[in-house]
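Have the sequence and the 3D view open side by side.

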Amino acid sequence: MSTQVETAEFQAEAQKLLQLMVHAIYSNKDTFLRELISNASDALDKLRLASYQDKDLQVDTEDLHISVEPDREQRTLTIRDNGIGMSKDEVRDLIGTIAKSGTAELLQELKDTSDGAAAQELIGQFGLGFYSSFMVADKVVLLTRKAGEDSATRWESSGEGTYTIETVDEAPQGTAVTLHLKAEDQEDRLLDYADTRTLTRIIKKHSDFIAWPIRMEVDKPGAEGESTTEVETVNSMKALWARPKGEVEQAEYDEFYKHISHDWNDPLETIHLRAEGTFEYQALLFIPSTAPFDLFSRDQKRGTQLYVKRVFIMDDCEELMPEYLRFVKGVVDAQDLSLNVSREILQQDRRIQMVRRRLVKKVLTTVQEIQANDAERYTTFWDNFGQAVKEGIVGDPDNAELVLDISSFESTHHESDRTTLRQYVERMPADQDVIYYITGNSRTKIENSPHIEAFRDKGVEVLLLSDPIDEMWVESVPEFDGKRFQSITKGEVDLDEKTEEDSQQQEEFAGVLSWLGEALSEDIKEVRLSSRLSSSPACIVGDNHDMTPTLEKMYRAMGQQVPRVKRILEINPSHPLVTGLRSAHTADGERADLAETAQLLYGMALLAEGGELRDPAKFTSLLANRLATTL
């Protein structure tokens, strides 16, 4: 018997993704089978783990397996497991919606791109799991019963925007997904997925390493030319991480990575290692070739899978990988932990902390080797993960120096190529003892900043730091290779030695400097002549230990109150506006319009660095009135 059938609509984003699958935007349709087998494998892992943790759970774990059941007459394919199963609410949450960060961004990018290859790559980055079934099926039926529960759930959809769901009796423990297959179409790369030979080939290619037996009824030649059928285990079930490195093909590594990450692209780098001694473990780690959409989402899951003696313990073991390496995927199989280990125990376990230190060091040194030997792959890595990796400069003091070493930054040395800090130091003139940098929201804004003018004119290289994390790490790292970091927007800059002419200039401008300081006292603490300006009339700088305006904004955005800091106005003594202002002040310091000019000068300097005016309306009015007098 069953309860009333409910009809429901997919979440809006899920509908759009389903349409992409129905219309087969992704050309490698074979991967649907890998996704469904991967889900079944996860369900078996979770059931075994639940049986260890809950001794009262009434489940049969004697013969956990996955069945692949094609029916050529009915044109169906069923993927069945006797794993953990799902409740009705879980079916709704997991299949009726996509609660995945980045879905909207994915859909927008897909809408904006007309390049089929680019669209496939975007789909691959996101990973669609169950939804990929609709690439090959006109209708999908799911029947599932959660371990320990009596009733089951039946879900059905043709992928056209709605689905039906009902509670049913009489269903075995686990999940069965039945695909009502589309007709074979070789031109569209749609194969006959009811053919056992096709299925065997796909399973061996994509899922051979699955730890559970994948069984399928296959034809066997019998006596006198007659054929018989028998159930055969199709996969080898060999854990890749347990095999010697020399016996594993890169193609096998690639398929395993796709299985655990649900990424459809090959990894950028594979790290296979084995540690023996007081605490034995094996690890198989992967650096992806593209960043996931949720790399900077608070809800993003991170960490590797943890096994103990080949028994799955948990997904996303955060204790094995720090947050700044959250993109690293893989498996760690420890030999000496308890099967009942919890996250709380892992947080205190010194052996796990030791494994973490070794894994982090291995990942970072691997990136260092890529950086030294393969510029193209390093560029791919840094384009995708550089912003996350730089978080380690602040968050991982033990490895901060190594993270700095593998980092690269934009600079005035080249319009597109990045530079490492070591390369910057090697190019420094003998008389330069600091590493100059400037922070901002984008390279374009930074390069147009008044602060950089004299450095550009004199050919002095400046690092252009435009990631939000850059504001944090430059404040926390005192030096690199004995060279101190110096912001060109802070302190005094002396690119030339002081001359007698400079002293004379200081005397000539003493009066207007003092007057400007008084006129702008609400906003600034000092006015001085600048040696960093060549074409702009003025800029605003801070003292060496002042917080930058960008950092102030970041703290305020996080809800933290920071005191307002008055900064310093520097003026360019060779600019016509400044020399004119000096002459006008010398002639008649009481002129009312001079105070307005001072306000305009300060406002322009503030806007030029991307700052915000305290009273935009007043500034606009002053500017409009002044422009009117010129007509």
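Start with D467: at 21% relative accessibility it counts as partly exposed, because buried means under 20%. Its side chain meets that of K390 in a salt bridge, at 2.8 Å from N to O. Keep in mind that this is a predicted model.

**The D467–K390 pair**
- D467 sits in the loop between β18 (463-465) and α16 (468-476).

**Other salt bridges**
- As background, side chains of opposite charge can pair when their charged atoms come close.
- How many salt bridges are there in the model? The count comes to 41.
- R34 and E35 make one of them, with 3.1 Å between the closest N and O atoms.
- Both R34 and E35 are buried.
- R34 and E35 also belong to a network of salt bridges that links them with E255, K258 and D266.
- E156 pairs with R154, and here the closest N and O atoms are 2.8 Å apart.
- R154 counts as partly exposed, since its relative accessibility is 28% and the buried class stops at under 20%.

**A negative patch on the surface**
- Which residues gather in a patch of negative charge on the surface? They are E149, D150, D169 and E170.
- E149 lies in the loop that runs between β4 (137-145) and β5 (152-157).
- With 33% relative accessibility, E149 counts as partly exposed.

**M554 and its surroundings**
- M554 is part of helix α18, which covers residues 549-557.
- The relative accessible area of M554 is 24%, so this methionine is partly exposed.
- What does M554 touch, leaving aside its neighbours within four places in sequence? M554 is in contact with P468, E471 and M472.
- Q387 and M554 are 167 residues apart in sequence, and their C-alpha atoms are 16 Å apart in space.

Technical notes: Residues numbered from 1 in each chain as written. Predicted model: local features only at pLDDT ≥ 70, side-chain atom pairs only at ≥ 80, totals over all residues. Heavy atoms only, no water. Patch = residues over 30% accessible without salt bridge, like charges linked within 9 Å, V, L, I, M, F, W, Y side chains within 5 Å. Areas by Shrake-Rupley, 256 points an atom, 1.4 Å probe, with all protein chains shown as cover. Salt bridge = Lys/Arg side-chain N within 4 Å of Asp/Glu carboxyl O. Lys, Arg positive; Asp, Glu negative; His and termini not counted. Charge placed at Lys NZ, Arg CZ, Asp CG, Glu CD. Helix = DSSP H or I, 4+ residues; strand = E, 2+ residues; numbered from the N terminus. Buried < 20%, exposed > 50% of the residue type's maximum accessible area, 1.4 Å probe, protein only. Contact = heavy atoms within 4.5 Å.
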